[in-house]
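Here are my notes for someone opening this one for the first time. Have a look at the picture, then read the points in order.

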Amino acid sequence: IPDQPETEAVAYLDSTFGDCPVAQLPVGTFPDFPMFDGSEESITYFYRGFVPYLLNPDGRWSFGAPAGTETDLLMRSLPVDVGGDSLQVLAESGYCAVLFDTEYSDWLQRRGGDWSAMRVPDAIPAWQNVRFDVFDLR
């Protein structure tokens, strides 16, 4: 995998949080995610949510949870705007960090409509790069 924002983010998460679960937001669920047609947009804004699995297959990632699973139901229960209460719910569910994809969020907002956890308006990230914000839930 060429060097990309995911590489840097996964390295940070691995060195900072170890094998603790990471919630990936905005929510990406399978099979009903917002874009799944194999278009350039779906590769840029959705399918790249699976890259952390490739970079760290031993990590515990939330992205792409199958419909109806415990992870899927938790992620779908999150409001459009994730605030301190929602971050607390994730922490109480065992997540140590949130990997928030700002480009995916921007794309979802441009498409219109609402999608679970597509914005984190008030929290301050512990780490950022050109595509991702990481929020520490410990």
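Predicted model: local features only at pLDDT ≥ 70, side-chain atom pairs only at ≥ 80, totals over all residues.

1. What is the protein built from? There are 6 helices and 6 strands. Going along the sequence, they come in the order α-β-β-α-α-β-α-α-β-α-β-β. The radius of gyration is 14 Å, close to the 14 Å that the globule rule gives for 138 residues, so the protein is as compact as a globular protein of that length.

2. On overall dimensions, the C-alpha atoms fill a box of roughly 35 × 35 × 30 Å along the principal axes. The accessible surface is about 6900 Å², and carbon and sulfur atoms account for 52% of that. Buried residues make up 49% of the 138.

3. Have a look at how the chain meets itself. Take the contacts between residues at least 6 apart in sequence: 76% of these join residues at least 24 apart.

4. Now the inside. The largest nonpolar core has 25 residues, and Leu25, Met75, Leu90, Tyr95, Val98 and Tyr104 have the most contacts inside it. Strand 1 (22-25), helix 4 (70-76), helix 5 (84-92), strand 4 (97-101) and helix 6 (102-111) each give two or more residues to this core. Which element gives the most to this core? That would be helix 6, with 3 residues. Apart from this core lies another one, of 14 residues, with Val10, Phe17, Ala97 and Val134 among them.

5. Leaving aside residues up to four places away in sequence, Leu25 touches Met75, Leu78, Val82, Leu90, Val98, Leu99, Phe100, Asp101 and Ala117.

6. Last, a loop residue. Serine 62 sits in the loop between helix 3 (51-55) and strand 3 (65-66). Is serine 62 buried or exposed? Buried means under 20% relative accessible area, and serine 62 has 5% relative accessibility, so serine 62 counts as buried. Beyond residues up to four places away in sequence, serine 62 touches Val22, Ala23, Gln24, Tyr53, Thr71, Met75 and Tyr95.

Technical notes
Residues numbered from 1 in each chain as written. Heavy atoms only, no water. Helix = DSSP H or I, 4+ residues; strand = E, 2+ residues; numbered from the N terminus. Buried < 20%, exposed > 50% of the residue type's maximum accessible area, 1.4 Å probe, protein only. Contact = heavy atoms within 4.5 Å. Rg over C-alpha atoms; globule rule 2.2 N^0.38 Å. Areas by Shrake-Rupley, 256 points an atom, 1.4 Å probe, with all protein chains shown as cover. Core = buried A, V, L, I, M, F, W, Y, C linked by side-chain atoms within 4.5 Å.
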